[in-house]
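Here are my notes on this model, point by point. Please read them with the sequence and the structure open.

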Amino acid sequence: MIGKSEKRIRLIAHIVLIIMSLLALLPFLLLIAASMTDEKVALVEGFRFIPGAFSLEAYQYIMKQSTMIFRAYGITIFTTLVGTGIGLTITSLLGYGLTKDIPGKRFFNFFVVFTMLFNGGLVPTYLIYTKYLHVTNTIWALIVPSLLLNAFQVMLVRNYFATSIPESLLESAKLDGAGEMAIFQKIVLPLSKPILATVGLMMALAYWNNWTNGLYYLDDPKLYSIQNVLNAINNNIAALTSMAGTGLYVNKSEIPTLTARMAIAVLGILPMLCIYPFFQRYFVKGITLGAVKG
């Protein structure tokens, strides 16, 4: 039986967690409400959770670029799926290899951890991708630069394999004649859904939100991801605002500057917000188990 004191503690904990959840959710609700507020009302009254005057002018302004936006969404979905799939494959293979007693194991573990602290810097990285890998103005410019292994994710996967996969199960498979790849595919991967979902979500978020690759390696707008397109629209709004009153644009008040920026933010984060709840339970479990020191 649960005592009164423990019930009281649980009640307080639930209340605190509910309050913290609301505090995390409120900014997103305000962002959505702000994007649907009339520009003139927003300038005078500011943003509210319940708009003083409802308007979709900001979204109409953005949807004038609908062809470019839909193409950018397609490119972003493609790069996110392909990049996450390849990244998960490489990360899980390396993480599994680091749990085995292979020649040079200590060196490879040190090498992975070393990359968490140091990297080659922007200029050498840019030269390698442009002069040797030739990713400039190709779809691979949005995929390959982010495929360099994230050491933190590798260590999460490695620790999960080392602490959460029973060694006796692997030994039994070896006695039955299974090779390392068969063990990896048929035993290790099916038992590793929490950590794979966790790392996969991290990779997917990184690909979805990445705009620096497009900034560095792309000049062709047809290859822009959704983040690059939204950034270009945001810069275009700033340019139009600066030109207002110079005769190049008629009326500064007609430019939905504030609300359009809010609408841009909504378009950028909404898909990930819809997907995250389905991975939440795996995410929490994977972080907890993968963080255990192996």
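1. Overall build. From the N terminus on, the elements of the protein read α-α-α-α-α-α-α-α-α-α-α-α-α. That is 13 helices and zero strands. Helices (H or I, at least four residues) and strands (E, at least two) are DSSP runs, numbered from the N terminus.

2. Ground rules. This is a predicted model, in which local features need pLDDT of at least 70 and side-chain atom pairs count only at pLDDT 80 or more, while totals for chains, interfaces and linings use all residues. Residues are numbered from 1 along each chain as its sequence is written, and side-chain values use heavy atoms, with hydrogens and water left out.

3. Burial and surface. Of the 294 residues in the protein, 34% are buried. Buried means under 20% relative accessible area, exposed means over 50%, and partly exposed lies in between (1.4 Å probe, protein chains only). The protein exposes about 17600 Å². Carbon and sulfur atoms supply 68% of that area. Accessible areas come from the Shrake-Rupley method with a 1.4 Å probe; for residues, only the protein chains shown count as cover.

4. Contacts along the chain. Take the contacts in the protein with a separation of 6 or more: 74% of them join residues 24 or more positions apart. Contact means heavy atoms within 4.5 Å.

5. The largest nonpolar core. Which residues touch the most other members of this core? They are I62, I69, I226 and I233, in a core of 28 residues. Helices α3 (57-63), α4 (66-97), α12 (226-243) and α13 (257-290) each supply at least two of its residues. The largest share, six residues, comes from α13. A nonpolar core is a set of buried Ala, Val, Leu, Ile, Met, Phe, Trp, Tyr and Cys residues joined through side-chain atoms within 4.5 Å. In soluble globular proteins, nonpolar side chains tend to be buried together.

6. I69 and the second core. Not counting residues up to four places away in sequence, I69 touches I62, I226, V229 and I233. A second, separate core has 17 residues, among them I183, V188, V199 and M202.

7. Salt bridges. How many salt bridges does the rule give? The count comes to three. A salt bridge is a side-chain nitrogen of Lys or Arg within 4 Å of a carboxyl oxygen of Asp or Glu. Side chains of opposite charge can pair when their charged atoms come close.

8. E6 with R10. These side chains meet in a salt bridge at 3.4 Å, N to O. Both residues lie in helix α1 (residues 4-35), four residues apart, about one turn of the helix. E6 is partly exposed at 37% relative accessible area. R10 is partly exposed too, at 43%.

9. D101 forms a salt bridge with K105, and their closest N and O atoms are 3.7 Å apart. D101 is exposed, at 75% relative accessible area, whereas K105 is partly exposed at 22%. E180 and K174 meet in a salt bridge at 3.5 Å, N to O. E180 is partly exposed at 35%, and K174 is partly exposed at 34%.

10. K100, worth a look. K100 sits in the loop between α4 and α5 (105-117). K100 is buried yet has no salt bridge. The nearest side chain of opposite charge, E180, is 4.2 Å away. Lys and Arg count as positive here and Asp and Glu as negative; His and the chain ends are not counted. What does the side chain of K100 join in a polar contact? The partner is the side chain of Y96, at 3.4 Å. A polar contact is a pair of N or O atoms within 3.5 Å; within protein, one must be able to donate a hydrogen and the other to accept it, and residues adjacent in sequence count only if both atoms are side-chain atoms. Leaving aside neighbours within four places in sequence, K100 is in contact with K105, L170 and E180.

11. L133. This residue lies in the loop between α6 (122-132) and α7 (151-164). L133 is partly exposed at 46% relative accessible area. Leaving aside neighbours within four places in sequence, L133 is in contact with I128 and V144. The C-alpha atoms of L133 and V144 are separated by 9.2 Å, with the residues 11 apart along the chain.

12. Backbone check. H134 has a positive phi of about 50° although it is not a glycine. H134 is in the loop between α6 and α7 and is exposed, at 53% relative accessible area. N137 is not a glycine either, and has a positive phi of about 55°. N137 is also in the loop between α6 and α7 and is partly exposed, at 33%.
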